[in-house]
Amino acid sequence: MRLAPVALPVAGPEVGGWARDADLAPLPDALAVAVRQFLSRAGQLAPEARTRTAAELWAAVAPRVSPPPPAGASPEELLAGVMGERRRRDEVRLDRADALRRRLLPTDGAQPGTGSGSRRAPSTVKAGAHTAR
């Protein structure tokens, strides 16, 4: 079971496309949290504080993203693009892990390898007996 993600602003198509193709290095946890908090509360900030905070956060995120973003995009939109793409990639990774788990683990509560059709034939070699190879 997964927690529902907090709704964050969505980047426009140009920034979204750039973020999808970009190399995104991991962000330190504190920076990722700061960006998420900023994006979720940006509408409550005074315009000057919002612009300044977005620029400061983008300055910390930018070195972890390659190639450079499209010219003219605002720091706030770039942050939204990066965080949206990180979320998308995390969801893909989690979906793959869930699919693998469903494939490998039985849903009836039995242990892997003990369900019907997966039993081994009993060994015909007695304990302590040696077989020639």
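**Helix packing around α4**

The axes of helix α3 (residues 47-61) and helix α4 (residues 75-104) come within 8 Å and cross at roughly 50 degrees. That angle makes α3 oblique to α4. The model shown here is predicted. Helix α4 also packs against helix α1 (residues 13-21), at an angle of about 50 degrees.

**The chain as a whole**

- The chain has 4 helices and 2 strands.
- Read from the N terminus, its elements follow the order α-β-α-α-β-α.
- The chain holds 133 residues, and 22% of them count as buried.
- Take the contacts between residues at least 6 apart in sequence: 76% of them join residues at least 24 apart.

**Where α3 meets α4**

- The crossing of these two helices, α3 and α4, is left-handed.
- On the α3 side, the contact is made by R50, A54, A55, L57, W58 and V61.
- On the α4 side, the contact residues are P75, E76, L78, L79 and V82.
- What kinds of residues make up the contact of α3 with α4? They divide into 9 nonpolar, no polar and 2 charged.

- E76 sits in helix α4.
- Is E76 buried or exposed? E76 has a relative accessible area of 17%, so it counts as buried, because the cut-off for buried is under 20%.
- Setting aside neighbours within four places in sequence, E76 is in contact with F38, L39, A42, R50 and A54.
- Two of these partners, R50 and A54, belong to the α3 side of the helix contact.

**Where α1 meets α4**

- The axes of α1 and α4 are 9 Å apart.
- With their angle of about 50 degrees, α1 and α4 are therefore oblique to each other.
- Helix α1 passes α4 in a right-handed crossing.
- From α1, the contact residues are V15, W18, A19, R20 and D21.
- From α4, they are E77, L78, G81, V82, E85, R88 and R89.
- The residues of this contact, α1 with α4, divide into 5 nonpolar, 1 polar and 6 charged.

- E85 lies in helix α4.
- The relative accessible area of E85 is 5%, so E85 is buried.
- Which residues does E85 touch, leaving aside neighbours within four places in sequence? E85 is in contact with A19, R20 and L24.

**R64, a residue in a loop**

- R64 is found in the loop between α3 and β2 (65-66).
- R64 is partly exposed, with a relative accessible area of 30%.
- R64 and A25 are 39 residues apart along the chain. Their C-alpha atoms are separated by 5.1 Å.
- Neighbours within four places in sequence aside, R64 is in contact with D23, L24, A25, P26, L27, P28 and L31.
- L24 is among the partners of R64, and L24 is also one of the partners of E85.

Definitions and conventions
Residues numbered from 1 in each chain as written. Predicted model: local features only at pLDDT ≥ 70, side-chain atom pairs only at ≥ 80, totals over all residues. Heavy atoms only, no water. Axes fitted to C-alpha atoms, helices over the stretch in contact; angles between N-to-C directions. Parallel < 35°, antiparallel > 145°, perpendicular 65-115°, else oblique. Left-handed = near helix turned anticlockwise from the far one by under 90°. Contact = heavy atoms within 4.5 Å. Nonpolar A, V, L, I, M, F, W, Y, C, P; charged D, E, K, R; others polar. Buried < 20%, exposed > 50% of the residue type's maximum accessible area, 1.4 Å probe, protein only.
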